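Subject: A structure for you to explore

Hi there,

Here is the structure I promised to pass on to you. Please open it beside this email, and then read on for what turned up in it.

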Amino acid sequence: MNKRKMRVCFAASSGGHLAELMLLRPLMERYDSVLVTEKTAYETDVGEIRRRYLVQVNRRELTCLPRLAINALRSLGIILRERPDVVVCTGVLATVPMCLLCKLFGKKLVYIESYAKVRTPTLTGKLLYPFADRFYVQWRELLEFYPKAVYVGGVY
């Protein structure tokens, strides 16, 4: 019997969310992993891990909805090409289509609420909480908003 490694998609927007996700790099190296993030002018060193890119999305810009539509199409292509078993996400808006499409395809979704949010939930967290198979918070205060979440402390 041919036992393949589990395929895991690690998804995060650029900046701090990506930096937070990269702290899970030892986990990325244990699986057949792909990193999905926003395309920016700067590159993050991810070693040998495959990368796929989404367009940047800012909810305060008029182009927000068209960019989300583009990311939905890109996410669909990534899902069909990479065939992940699980998506691990630290947010934010650009990654929402990837997470929702994976759930549509019957894949597992693991969401890690941002370390920067101590007392209030993120918009992405509120959107994805009902769909997440595992939802982690890094501050106990957030259990008030996410009663089924798992408190794990900070990834930092």
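Which residues of α4 are buried? They are Val 96, Pro 97, Met 98, Cys 99, Leu 101 and Cys 102. Their cover includes β1, β2, α3, β4, β5 and α5. Please keep in mind that this is a predicted model.

Now for the sheet. It is open and has seven strands, paired in parallel in the order β3-β2-β1-β4-β5-β6-β7. At the edges you will find β3 (50-54) and β7 (150-151), each with pairing on one side only. Strand β7 is joined to β6 (residues 134-137) by two bridges, and Tyr 136 stands opposite Val 150 there.

Helix α4 (residues 96-104) lies across β1, β2, β4 and β5, and runs at about 155 degrees to β4. Just after α4 comes Gly 106, which has a positive phi of about 80 degrees.

Leu 76, Leu 80, Leu 104 and Phe 105 make a nonpolar patch of about 380 Å². Leu 80 belongs to helix α3, and its relative accessibility of 43% is why it counts as partly exposed.

Next, the charges. Side chains of opposite charge can pair when their charged atoms come close. How many salt bridges does a search of the whole structure find? The search finds six.

One partner is Asp 32, with the closest N and O atoms 3.0 Å apart. Asp 32 sits in strand β2 and Arg 50 in strand β3, 18 residues apart. Another partner of Arg 50 is Glu 82, at 2.7 Å from N to O. Because Glu 82 is in helix α3 and Arg 50 in strand β3, this pair ties together parts that are 32 residues apart in sequence. Glu 82 is buried, with a relative accessible area of 8%, while Arg 50 is partly exposed at 33%.

Lys 103 and Asp 133 also form a salt bridge, at 2.8 Å from N to O. Since Asp 133 lies in the loop between α5 and β6 and Lys 103 in helix α4, the pair ties together parts 30 residues apart in sequence. Finally, salt bridges with shared partners join Arg 7, Asp 32, Arg 50, Arg 52 and Glu 82 into one network.

Enjoy exploring!

Terms used
Residues numbered from 1 in each chain as written. Predicted model: local features only at pLDDT ≥ 70, side-chain atom pairs only at ≥ 80, totals over all residues. Heavy atoms only, no water. Pairing = 2+ DSSP bridges. Helix = DSSP H or I, 4+ residues; strand = E, 2+ residues; numbered from the N terminus. Contact = heavy atoms within 4.5 Å. Axes fitted to C-alpha atoms, helices over the stretch in contact; angles between N-to-C directions. Patch = residues over 30% accessible without salt bridge, like charges linked within 9 Å, V, L, I, M, F, W, Y side chains within 5 Å. Areas by Shrake-Rupley, 256 points an atom, 1.4 Å probe, with all protein chains shown as cover. Salt bridge = Lys/Arg side-chain N within 4 Å of Asp/Glu carboxyl O. Buried < 20%, exposed > 50% of the residue type's maximum accessible area, 1.4 Å probe, protein only.
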